[in-house]
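Visitor: I would like to learn how to read this model, feature by feature. Where do we begin?

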Protein chains: 2
Amino acid sequence: MASIKDVAKAAGVSVSTVSRTINDNPFISSATREKVLKAIKELNYSPNRMAQSLSNNNSYTITLIVDIENEKSFYNSFFYEVMHGIEKVVYQKEYCLIVSNLNTVLKNENVLDWLIKGRRTEGVILPSSIIDSKTIKKLKENNIPFVSIGEPENLRETINWVDINNRKAGEQAANYFIDNHRRKIAFIGYDDSKVFNRRRFEGYKLALENNELNYETNLVIKGGNSKNDGFRMMKDLLNEKDLPDSVICADNLMSIGAIRAIQESGLSIPEDISLISFDNSQIAEIMYPTISTINVDVYELGLQSAKLLFELIENPGKREQELLISTNIEERETTEQEHQ
Amino acid sequence: MASIKDVAKAAGVSVSTVSRTINDNPFISSATREKVLKAIKELNYSPNRMAQSLSNNNSYTITLIVDIENEKSFYNSFFYEVMHGIEKVVYQKEYCLIVSNLNTVLKNENVLDWLIKGRRTEGVILPSSIIDSKTIKKLKENNIPFVSIGEPENLRETINWVDINNRKAGEQAANYFIDNHRRKIAFIGYDDSKVFNRRRFEGYKLALENNELNYETNLVIKGGNSKNDGFRMMKDLLNEKDLPDSVICADNLMSIGAIRAIQESGLSIPEDISLISFDNSQIAEIMYPTISTINVDVYELGLQSAKLLFELIENPGKREQELLISTNIEERETTEQEHQ
DNA sequence: TTGTAGGCGTTATCAC
DNA sequence: GTGATAACGCCTACAA
C-alpha cells in the first residue's frame, strides 16, 4: 500500500506538499498540484484513515446505540429505516457509522464506555428508551455530542432530541374523522407511561376540543399494544350501549386485534366503524383490510437526528434543540374517503 | 486524556513497561505490574484505539454491508436479527461493527472501495444478493476476508458463505405434512430464479420421493412473493378438480394471500387445508389464524457468519467453507398436531 | 509556494 | 525485566 512518502517521492515533492493537495490547501501552485495528483493516481494512493485519525485526533466515526433486547426501542423495520437515514448523512460527511448494542459488555464495561475511552466515536445517537441521567452525565463529561431518537421521558436536563410530532399525529387522526363526519371517535390503547402515546392522546383531545366535540371518557380505553390487547379493548368498546363510529389505535399492533373484534361483532369496516392506526409498517399493507395509518417518516427521523448530531459536532457550544418530524395520513381500506 | 506517557511517569517506569502490562506480556515482574495497574486506575487511562490501530496496522473493525434499497436482501426484522448475531461476536473480539449501505457513494467511489482504501476494515459480511465477481475480485486482491450471508447464485469461484439449510427446511415442511397423513401436498410460489426458493423446492421433492409419494406437477404453482401472488396462486390451486390437503408456501408474504383465498372458498384451515410457510417473523404471529412456519434462526445465521469471518482473519490461508444453519418447525394455527 | 522536523499514542526491536 | 528509540502514516508549525 502506497503511503504519503511514496507519493512524495514519485512526484518529486515533499510529504507536506502531498498532504496539502490531499487536504485542498489553497497555498499550492497548480503545477505541483497536478504532479501530485498524477502520482496519487498512478500509485492508487489513498490516505490511511487510521493515521489521519491519530494525527487529527478525530475518529471520523459516529455511533448508533441500539437496545436490541428491548424490541420496543428500535424494533424491526422502524430501526432499519432510522439507520438508513442516519447512514445517509454520516457517510456524506465521510464518517463511518458504527452500530452497537447497549447491552454488550466487554472488559467489564459497557460498549459506550469502551468506545468513549478508546476515542473511537465523535458522537452518539441513541433511543430515548435507554437515556438516563447517568448516561447523559457520562457523555457530557467526555464531551461527546449526542442526540436522542424519541422524546426523553422525565428528564430534568435538557438534551438534543428528534421525534415524530406525535401530538400533531394524534390531532391529524382525529381531524380526519371529524372531517369525514364521524362524531363518536374512540381512542384505544391509551398508556400514559409512554411519552409518544401520551402525546398522541393529547392531540386527539385537542382536535375534539377545537371542534367543540364532547370528550367522552368511555370512548377512551387504556391498554397495551399487543394484538390481544387490541382485541380486548375493542370488545369492551363494543359492549357499551352507544358505539363509536371511528377508532384511533394508539399504536400499530393493537389495530390487528381491534379489527378482528369489529369483524366478529358483525359490524363492517369502514362503514360502521372506521379505524386509523400509526406507523406505516409493512403490516398495515398486508392485512385484510389494509389499515389506514398516520404515516411516520422514519427515514427522515434518522436523517434529521444525524444532521443535528453533526451540527453539534461542528458547533460545540450550541443550544439544545428539539426537532419534530411531521406526519401525514395514508388512507387504506379501514377508512373511506367521503369528504363532501 | 491520559496517555501511555502519563501512566509511565506516574508509575515511575518507561512507556514500554506500561505497554507490556496493557498487552499482558509475561516478561514483567508482578511488582512493577501492580505499580502500573495502580497508575492506570488512578489516571483512568485507556489506550487510544486509533494509535493502536496505526501501530498494529489493524483497524479492529468489521463491516456489514447492507443493500438497503433492495428490501429483499436484508429486510426488516431479518436484517435486525442478523446484525444482532454479528454484533455479538464482533464486540466479543473487541472489534467494532460498522454498517454501511452498498449504494452509498462518496468521493466518486462506493463505500466498499472507500473503506478498503482507507484501511478501515479487517473483514466484510455481505448479503449474497450483492455479490458479483467484480466485488469478489476486489476483496480478494486487497486481502479482505469476507463472508456471504446467503448461498451465492451462479458463482464459479468458491467463497465462504453461511445460509439457512433451505433444502432441509423444505424437506421438513413436507415431512411434517406426511407425518400428519396429508398426501396431496402443494408447493406454491416456486421461483427457480432464487437459490433459497429452489432449495426449498428440492427439499419438498426429496421428501415426497423418500415417502414414495407421487410428485404432481399441478400441485406446484410458480409465482412471486406478494400477498396478491399468494392469493392468485391459491385460487388457481382451488380451481383444480382435486384439491390439495396441505400447502407449503415458498416464502412468507405470499402465505397471507393464500390463507385469504382458502377462507374465501369456504374451506377451513387447518382441517381442510393445512398450511406452512417459512421465516418466523412477527407477521406469522399476528395473523388470524397464526401461521405455522419453518423457523429460521436468523440470529444464529448472523452469529455464525461473524464467527466464520474471524476464523478467516485469524487463519489466512483457510479453505473456503459453506455453513448451513438448521431450522425447526413452529406449529401455529394453520396446522394441527395430529400425530397418531 | 515549498520543505524540514516534530508530534499524535502506540508497539516492537534492541540493548542493557 | 526494563528502558531507549525507531516506526506506523499523517498533519502542521516554522523556516526558507
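This is a predicted model: local features need pLDDT of at least 70, side-chain atom pairs count only at pLDDT 80 or more; totals for chains, interfaces and linings use all residues.

Visitor: Start with the DNA. Which residues are closest to DNA strand C?

Guide: A:Thr17, A:Arg20, A:Thr32, B:Ser19 and B:Ser55 are the closest, out of 26 residues that surround DNA strand C. Sugar and phosphate make up 62% of the atoms of DNA strand C that come within 4 Å of the protein.

Visitor: Which atoms lie by a phosphate oxygen of DNA strand C?

Guide: A backbone N or O atom of A:Ser14 lies 2.9 Å from a phosphate oxygen of DNA strand C. For B:Asn48, a backbone N or O atom is again involved, at 2.8 Å. B:Gln52 uses a polar side-chain atom, at 3.1 Å. Then step up to elements. Those that give two or more residues to the surface near DNA strand C are α2 (15-22) and α4 (49-56) of chain A, with α1 (4-11), α2 (15-22) and α4 (49-56) of chain B.

Visitor: Which element gives the most to that surface?

Guide: α4(B), with four residues.

Visitor: Now DNA strand D. How many residues surround it?

Guide: 25 residues surround DNA strand D, and the closest are A:Ile4, A:Tyr45, A:Ser55, B:Thr17 and B:Arg20. Of the atoms of DNA strand D within 4 Å of the protein, sugar or phosphate accounts for 64%, and bases for the rest.

Visitor: What lies by the phosphate oxygens of DNA strand D?

Guide: A:Ser19 places a polar side-chain atom 2.9 Å from a phosphate oxygen of DNA strand D. B:Thr17 also uses a polar side-chain atom, at 2.5 Å. B:Ser14 uses a backbone N or O atom, at 3.1 Å. The elements giving two or more residues to the surface near DNA strand D are α2 and α4 of chain A and α2 and α4 of chain B. α4(A) gives the most, with four residues.

Visitor: On to strands. How do I read the two faces of one?

Guide: In a regular strand, side chains alternate between the two faces of the sheet.

Visitor: Which strands pair with β1(A)?

Guide: Strands of a sheet pair through backbone hydrogen bonds, either parallel or antiparallel. β1(A) runs parallel to β2 (residues 96-101) of chain A, over six bridges. There, A:Val66 stands opposite A:Asn101. β1(A) is also parallel to β5 (residues 123-127) of chain A, with three bridges. In that pairing, A:Leu64 has A:Ile125 as its bridge partner.

Visitor: What is the strand order in the six-stranded open sheet of chain B?

Guide: The order is β9-β8-β10-β11-β12-β14, with mixed pairing. β9 (220-222) and β14 (328-330) of chain B are at the edges; each has a single partner strand, so one side of each lacks a neighbour in the sheet. From one strand to the next, the twist averages 20°.

Visitor: How do β10 and β11 of chain B run?

Guide: Parallel: three bridges join β10 (residues 246-249) to β11 (residues 274-278) in chain B. B:Ile248 has B:Ile276 as its bridge partner.

Visitor: Which helices lie against this sheet?

Guide: Read the strands touched, then the angle. Helix α9 (residues 195-210) of chain B lies across β8 (185-190), β9, β10 and β11 of chain B, at about 165° to β8(B). Helix α10 (residues 227-239) of chain B touches β8, β9 and β10 of chain B, and makes about 145° with β8(B).

Visitor: Now a single residue. Is A:Ala306 buried or exposed?

Guide: Buried, because its relative accessible area is 1%, under the 20% cut-off. A:Ala306 belongs to helix α13 (residues 298-314) of chain A. Beyond its sequence neighbours, A:Ala306 touches A:Ile86, A:Val89 and A:Ile125.

Visitor: Last, the cysteines. How many disulfides are there?

Guide: A disulfide is a covalent bond between the sulfur atoms of two cysteines. The structure holds zero of them over all chains. Check burial as a separate step. A:Cys249 is buried, at 0% relative accessible area. B:Cys249 is buried too, at 0%.

Methods
Residues are numbered from 1 along each chain as its sequence is written. Chains are lettered from A and ligands numbered from 1 in the order in which they are written. Side-chain values use heavy atoms; hydrogens and water are left out. A disulfide is a pair of cysteine sulfur atoms within 2.5 Å. Buried means under 20% relative accessible area, exposed over 50%, partly exposed in between (1.4 Å probe, protein chains only). Two strands pair if DSSP finds at least two bridges between them. Axes are lines fitted to C-alpha atoms, for helices over the stretch in contact, and angles run from 0 to 180 degrees between N-to-C directions. Contact means heavy atoms within 4.5 Å. A residue is near a molecule or strand if one of its heavy atoms lies within 4 Å of it. A polar contact is a pair of N or O atoms within 3.5 Å; within protein, one must be able to donate a hydrogen and the other to accept it, and residues adjacent in sequence count only if both atoms are side-chain atoms. Lists of a residue's contacts leave out its neighbours within four places in sequence.
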